[in-house]
2 protein chains.
Amino acid sequence: MKIALAQLNYHIGNFEKNTEKTIRHILRAKEEGADLVVFSELSVTGYYPHDLLERKEFIDKAEIAVHQIASHCNGIAAIIGSPVINHDNRGKKLYNSALFLNNGKVESIHRKSLLPTYDIFDEYRHFEPNKEFSLVEYKGRRLAITVCEDLWEEQEVQNEFGKEKLYQVSPLKELAKLEPDLVINISASPFSYNQEGARKKILVKNAVRYNLPIVYVNQVGAQTEIIFDGGSCFIDNQGEILVQMNYFEEDFQIIDTQNIVPLQQKPADTIEKMYKALVLGIRDYFTKTGFKKAVLGLSGGIDSALTLVLAVEALGRENLRVLLMPSKFSSDHSVNDAVALAKNLDVQYEIINIQEAVDAFQKSLSPVFQNLPHDVAEENIQARARGIFVMAISNKFGNILLNTTNKSECAVGYGTLYGDMNGGLSVLGDVYKTDVFRMSRWINRNGEIIPENTIMKPPSAELRPNQKDTDSLPDYDTLDQILFNYIELNQSPSEIIRKGFDEATVLRTVRMVNTNEYKRFQAPPILRVSSKAFGFGRKMPLVARYD
Amino acid sequence: MKIALAQLNYHIGNFEKNTEKTIRHILRAKEEGADLVVFSELSVTGYYPHDLLERKEFIDKAEIAVHQIASHCNGIAAIIGSPVINHDNRGKKLYNSALFLNNGKVESIHRKSLLPTYDIFDEYRHFEPNKEFSLVEYKGRRLAITVCEDLWEEQEVQNEFGKEKLYQVSPLKELAKLEPDLVINISASPFSYNQEGARKKILVKNAVRYNLPIVYVNQVGAQTEIIFDGGSCFIDNQGEILVQMNYFEEDFQIIDTQNIVPLQQKPADTIEKMYKALVLGIRDYFTKTGFKKAVLGLSGGIDSALTLVLAVEALGRENLRVLLMPSKFSSDHSVNDAVALAKNLDVQYEIINIQEAVDAFQKSLSPVFQNLPHDVAEENIQARARGIFVMAISNKFGNILLNTTNKSECAVGYGTLYGDMNGGLSVLGDVYKTDVFRMSRWINRNGEIIPENTIMKPPSAELRPNQKDTDSLPDYDTLDQILFNYIELNQSPSEIIRKGFDEATVLRTVRMVNTNEYKRFQAPPILRVSSKAFGFGRKMPLVARYD
């Protein structure tokens, strides 16, 4: 059987565009001789529509789109993803479903059994789990059609509880009893740089255990924070990956399940993948919100430098403008390094000295502040004045402000709310400072783009004379390791100390993380590249006592 | 049997305080002759700990607390709520459980079957649902012990799908087969002014259907946004409410299930309940985060006036300070009305003219802005300059900034991000403007507290000459009704138009709501008093196409 794998980028709620794109690829697959074309999970709506699923008019539109798409399935079958109403009187209102389209209509519906409800996933909020299993017979082959998590009965454990099987049911085990020839899985599985292997491992394990080949089609493209990386594939019943599709871009391939020559893949570097993920994240945020232009504050430091490089790659240099905003605490090299970068990238830049605005605040506040010593209040006025300047550009010219905070800062609250924490989108909020350095070096691999001095100099917020990040934070190598253990691996402080980290440093770090939940609560959406990003995938109570 | 109902205010993760409070009430119940004392859902941890439940050390602490509490149950039994580890190899790691403590130990565990996973509830994220049912025999009575949602198999429908039963299982039906004498339900059920009747209706319906009396103990107190209102009660097998405990405060009562004299209740006004809910919400946010003092900007308008009245009630006038921040567009009455209110409430106030700071920004920006016309960019500079001033006070003196935005503004995006949308806590973000007026009138019922002129004058942001809210928004009566239908009732624009609202106004309003998701994403936590507040109970995708 010839199967087309359509790995496409959908836009949530954009039924017109998603439908047009789906139909176009059905016609293309048919023209190229495919018997069946497979799309990804919730392809009709885009993954994930969140509470739009609670709106009846949204579901009505999905239904109309499904019928429109089905009407093009003549001489070819298709598998698409859509929410489908649960007409039973009990349970959640919808099923997350794969629909088998043939002969111009929906021939069968295959509901998702395992509903991920952890981290960024929230499916039990909207969907009822399936409990019945059946195959589709098509052109002499028996197809087991599954949706994403249905293959993920067993998961890698990232906590100290040590449980392996998250679910009571094993859909593939149930389906295997019906003796299929082939498993088809439609997915919306996001990129996480530190769990890259997990997906392939699961697919291979299932193929071998049930002695079944698997066609796996994943969504590609970003939906606000979440970046779907594609990487669709075909795995034979020995667990061999015979076809591997591209990462971070749309792709379309037709395979003949009877006759495939294995492909050798060159595995990309993790940093390169993170880079591509972030570029895709920025680009899709702008494309899907209908904006074109961005602005950011360039400090001469490494975070804003890297953010600018990523943004230029995603949006084009002509759509970027940057603001250099020195104060009396800014060193000469800050402005010079920032100008050098803007020139290297040929990006429009302006220099606005913030001192006059800062002085105006301090003058107006002096009757209230009296002669109290200079402290974080005055430091924050500087960061917030910069926040006003970049937002003024944003409001006046329609450029979206990109936030440049990295994950290490975001974790420990080393940033000013309503100041440098401003932005429509946080580009590096899930990238630790040590990875910011690593990625910057990688960007310079063929010659200097980010000025060497920006990479070499000790990080500083420059909010008071001779300030260095290390005045208030552990060195970033240590800090990032502690944070990774605490946040990504969910380990307890005592476990981290047992690993050999200094007790006082661990406790101080953990305390900074916990006491800054309130700041992160108001942070912009953060492009997610790890298994545990700040944002809605990690919900911590603000008023809790942590110790 | 004599049963003590302990309706208490817990602090998430504060095991020390929660345990001490629980033990104190066990001893008190014993002293006063009770056979059994009942606490509320997850009383050991506080409801709801969110992803702290994923941390093993948190669960270990809960376990220790349970054993500490159990050791005091001699000569009296207690029912408490705690997460309990699922030792089975399959499923989520925890059960949300009611623990029956007697003879110094945990005698039985009763797991929650129905896990609310909608609106603000997220329980399937952390808990495995129960599927086995059993009673407790104690002092000759057969007790059916249930946890909150277990009684909520049937729910009021607030959407256009029209489904009645949210769950596949009916725990009470299963338990009724075992022939209990009494149902005990431990709850954490939040206040919603527009669903006040639902809870009682469910309890009465269940009591009558199964011909069983129900002891219902609810949590009281706020956890960041969510306000639990208490109102614990005892209902006989005819569905008669015999005992009704207080709302919005801790309460403790011992009932003799054999011998109760019905109490007549004076039902409170909805506005009064909202008022009490908001006061409790403010007070608990401060108490539980360890802060005492608040600051807010007083504009002379009704929103900041009402916020101040609520804050003074919650925190005491000595813990408040306000900033009056006129610009050249501020009318005289703004300052006069604000001063009058501050004096009425005897609150420390300072006047800072923002014009100098605003002018400094405009001067520094003029080479960039050239001669482009005055627009929203300049308006926002004013709002953001005010944001800097109040945050400077906050940083310098340790006062938490209270946000004064109301729900109508928040819905349509009528506010400046990083300006008047700043704050540690949004007090009125779930209160529509028409209710802001209603509550202000109610506050003045025995004499003027909020200056009459503040209530009477047409609302204005005063960011340009002679600006009125109605320049850009429909009148608030119309706006709030459209918003309520769209947000709380989840109705489609076409359904709302069918109700008789002007088509253009509905479409414009809905478009404003949808295009401002990005602003609300960065808003402070909002005290929730309705069935659908902005915040984590309403998650809408930012990059979606809405139309």
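Helices and strands here are DSSP runs, at least four residues (H or I) for a helix and at least two (E) for a strand, numbered from the N terminus. The model is predicted, so I kept to local features with pLDDT of at least 70.

**Entry 1: positive phi in chain B**

With those runs in hand I went to Tyr418(B), which sits in the loop between α10 (407-412) and β19 (425-426) of chain B. Tyr418(B) has a positive phi of about 65°, although it is not a glycine. I noted it because most residues other than glycine have a negative phi.

Is Tyr418(B) buried or exposed? I count a residue as buried at 20 or more other C-beta atoms within 10 Å, and as exposed at 12 or fewer. Tyr418(B) has 25 other C-beta atoms within 10 Å, so it is buried.

Gln370(B) was next on my list, again a non-glycine with a positive phi, about 50° here. I found Gln370(B) in the loop between α8 (355-369) and α9 (376-397) of chain B. Gln370(B) has 7 C-beta neighbours inside 10 Å and therefore counts as exposed.

**Entry 2: cis peptides**

Which residues does a cis peptide bond join in chain A? I got Tyr47(A) and Tyr48(A), with omega about 10°. Tyr48(A) belongs to the loop between β2 and α2 of chain A.

I looked in chain B too, and Tyr47(B) and Tyr48(B) are joined by a cis peptide bond with omega about 15°. Tyr48(B) is in the loop between β2 (36-38) and α2 (56-70) of chain B. I flagged both bonds because most peptide bonds are trans.

**Entry 3: strand β1 of chain A**

I then took β1(A), residues 2-7. Five of its six residues are buried, so the strand is largely enclosed by the rest of the structure.

Which strands pair with β1(A)? One is β14(A), residues 251-256, which runs antiparallel to β1(A) over six bridges. I picked out one pair there: Ala4(A) has Ile254(A) as its bridge partner in β14(A). Another is β2(A), residues 36-38, parallel to β1(A) over three bridges. Here Ile3(A) stands opposite Leu36(A) of β2(A).

I followed the chain from β1(A) to β2(A): it passes through helix α1(A), residues 15-31, and this β-α-β crossover is right-handed.

**Entry 4: helix α14 of chain A**

My next stop was α14(A), residues 476-488, where the buried residues include Tyr476(A), Leu479(A), Ile482(A), Leu483(A) and Tyr486(A). Residues three or four places apart on an α-helix point the same way, because there are 3.6 residues a turn. Asp480(A) and Asn485(A) are also among the buried ones.

What do the buried residues of α14(A) pack against? I listed α10 (407-412), α11 (433-443), α15 (493-498) and α16 (503-515) of chain A. After α14(A) comes Asn490(A), with a positive phi near 60°.

**Entry 5: domains of chain A**

I noted three domains for chain A: domain 1 (2-259), domain 2 (274-468 + 516-521) and domain 3 (474-513). The C-alpha centres of domain 1 and domain 2 of chain A are 39 Å apart.

Ten residues of domain 1 of chain A are in contact with eight residues of domain 2 of chain A. On the domain 1 side, β10 (220-223) and β11 (226-229) of chain A are the elements that give two or more residues. By class, I have six nonpolar, three polar and one charged residues on that side.

**Entry 6: chain A against chain B**

How many residues does each chain give to the contact? I got 80 residues from chain A and 80 residues from chain B. On the side of chain A, the elements giving two or more residues are α2 (56-70), α5 (270-289), α8 (355-369), α9 (376-397) and α17 (517-521). The largest share, twelve residues, comes from α9(A). By class, that side of chain A has 36 nonpolar, 22 polar and 22 charged residues.

Last, I laid chain A on chain B: a turn of 180° with a shift of 0.0 Å along the axis gives an RMSD of 0.0 Å. The two copies are thus related as by a two-fold rotation axis. The same surface serves both copies, as 100% of the contact residues of chain A recur in chain B. Of the residues of chain A, Gln522(A) comes closest to the axis, at 2.2 Å (C-alpha).

Conventions: Residues are numbered from 1 along each chain as its sequence is written. Chains are lettered from A and ligands numbered from 1 in the order in which they are written. This is a predicted model: local features need pLDDT of at least 70, side-chain atom pairs count only at pLDDT 80 or more; totals for chains, interfaces and linings use all residues. Two residues are in contact if their C-beta atoms, placed from the backbone, lie within 7 Å. Ala, Val, Leu, Ile, Met, Phe, Trp, Tyr, Cys and Pro count as nonpolar, Asp, Glu, Lys and Arg as charged, and the others, Gly among them, as polar. Two strands pair if DSSP finds at least two bridges between them. A crossover is right-handed if, with the strands pointing away from the viewer, the path from the first strand over the helix to the second runs clockwise. Copies are superposed by least squares on the C-alpha atoms of residues with pLDDT of at least 70 in both. Domain bounds come from an automatic or database domain assignment.
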